[in-house]
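Here is a friendly note to read with the model open beside you. Take the points one at a time, and find each residue on screen before moving on.

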Amino acid sequence: MESTNKMEQYMQSHPPIIPQSYPWLVIRDGKHLERQKIFNISKDKYYSITIPEMHNKMICTSTNEWLLLNDLDSKDLSLLNLLSREVVQLPRLESFTDSDVCILCPPTSESNQDCYVMIIDRSSCKFYFCQPGDEEFSEQEFEFDLEEQEYEFGAMCISAATMFRGKVYFLTRFPRIDLVSSYALFTAEFVGSNLHFTRITREGFPEPSPPEIPTTNDYLIESGGELLYICKMRGGWDAKMILGFIILRMNFLRQAWEEVNNIGGWTLFLSQDRGLEHKAISCFAAEGVKQNSIYFTKPFDRFYYVFDLENNSISKSLPCPTVSKFMSRLDWVLIPITKS
């Protein structure tokens, strides 16, 4: 009986990271991010883990059990499989910054042939991409014939991107003289070894837009077979106060965005690290996970927050009281249950 209790105690403190229908919250702190925890939101329980391959590395993005990591000192890029601990080294990208958008099409059990990593420089609108085994990243600048009025006031940038139906969808943003940005949705897909760009939308977001909101974070995400745009509105003197969220869905028949006030049984999970780098996950709400809500994190903040879309309220929870108050890094990572 005593050995059984010891085994149960060990499993509670050293759990395997297993697939489940909702994301794990990966918590790291320490000088080199060497202290690691995972938090199960359904069970409201955290566990200590040790993954040396994650020490001193930023989680740029994740797809299934694969993470794209960036070493905070050397800036080396790599892929890590959380289940097998397999590491795949990638070429260096000297221009990589925290504000770049990262896309990961992960390896499969059969082949790495369809695996690629794409890194998008928001300000220069340059796309960098490679496959495992490549010696360097390929580079391609986004070029498209735009109407003159779309870029008459300031430079274009790319605000968000995601994988959807096998293509990369991304949002371009054009500042306008009336201070309300104009957005356009594009796809990027490989034709041979180059990217081909296609414009999807011909009109901007539904009015009214909130021009009085000084700072926003933009997300694109696949949810329930639909493409959603999420705008996180921030305010306050340091722009850290979350004012609320706007959700739009893409109507591909009309090639236009439509406002969404209710996502039903779905839940959205948003991660934000330092800079502008952010990630989004969608899943159907499980037991203990609040549906029709947005779970989100803040940079260097040990709390996670829940925005209730029904009553527009925000609550916060402390997943682990033993981590740093000001230097913690929290990332949502979904390892889906695969059907055999």
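This is a predicted model: local features need pLDDT of at least 70, side-chain atom pairs count only at pLDDT 80 or more; totals for chains, interfaces and linings use all residues.

1. Let us begin with a pair of strands. β8 and β9 run antiparallel and are joined by five bridges; strands count as paired when DSSP finds at least two bridges between them. Strands themselves are DSSP runs (E, at least two residues; helices are H or I, at least four), numbered from the N terminus.

2. Residues are numbered from 1 along each chain as its sequence is written, and side-chain values use heavy atoms, with hydrogens and water left out.

3. Is strand β8 buried or exposed? Five of the five residues of β8 (residues 101-105) are buried, so this strand is largely enclosed by the rest of the structure. Buried means under 20% relative accessible area, exposed means over 50%, and partly exposed is in between (1.4 Å probe, protein chains only). In a regular strand the side chains alternate between the two faces of the sheet. In β8, V101, I103 and C105 are buried on one side, and C102 and L104 are buried on the other.

4. A disulfide is a covalent bond between the sulfur atoms of two cysteines; here the test is a pair of cysteine sulfur atoms within 2.5 Å. The search of the whole structure finds zero disulfides. For C115, the closest cysteine sulfur belongs to C105 and is 6.7 Å away, too far for a bond. C115 is buried, at 1% relative accessibility, and C320 is buried with a value of 1%.

5. Next, the aromatic rings. Rings of Phe, Tyr and Trp (its six-membered ring) pair if their centres lie within 6.5 Å; planes under 30 degrees apart count as stacked, over 60 as edge-to-face and the rest as tilted. The whole structure holds 25 aromatic pairs. One of them is Y116 with F190, edge-to-face at 5.1 Å centre to centre, with 80° between the planes. This pair links distant parts of the chain: Y116 is in strand β9 (residues 116-121) and F190 is in strand β14 (residues 182-191), 74 residues apart. Y116 is buried at 13% relative accessibility, whereas F190 is partly exposed at 32%.

6. Another edge-to-face pair is F164 with Y169, at 5.4 Å centre to centre and 75° between the planes. F164 is buried at 1%, and Y169 is buried at 6%. Elsewhere, ring pairs link F39, F269, Y295, Y304 and W332 into a cluster.

7. Rings can also have a charge over them: NZ of Lys or CZ of Arg must be within 6 Å of the ring centre and within 35 degrees of the ring normal. The charged end of K298 sits 4.5 Å from the centre of the Y305 ring. K316 does likewise over F303, at 4.3 Å from the ring centre.

8. Now for a turn. β16 and strand β17 (residues 226-235) pair in the antiparallel sense over nine bridges, and I221 has L228 in β17 as its bridge partner. These two strands form a hairpin with two residues between them, and G224 in the turn has a positive phi of about 60°.

9. Where else can you find a positive phi, in a residue other than glycine? Most residues other than glycine have a negative phi, and most peptide bonds are trans. Q255 has a phi near 55° and lies in the loop between β18 (241-251) and β19 (256-260); Q255 is partly exposed at 37%. N312 also has a positive phi, of about 55°. N312 is in the loop between β23 (304-308) and β24 (313-317), and is exposed at 56%.

10. To finish, compare two residues on your screen. S193, in the loop between β14 and β15 (194-199), is exposed at 59%. L68, in strand β5 (residues 66-71), is buried at 0%.
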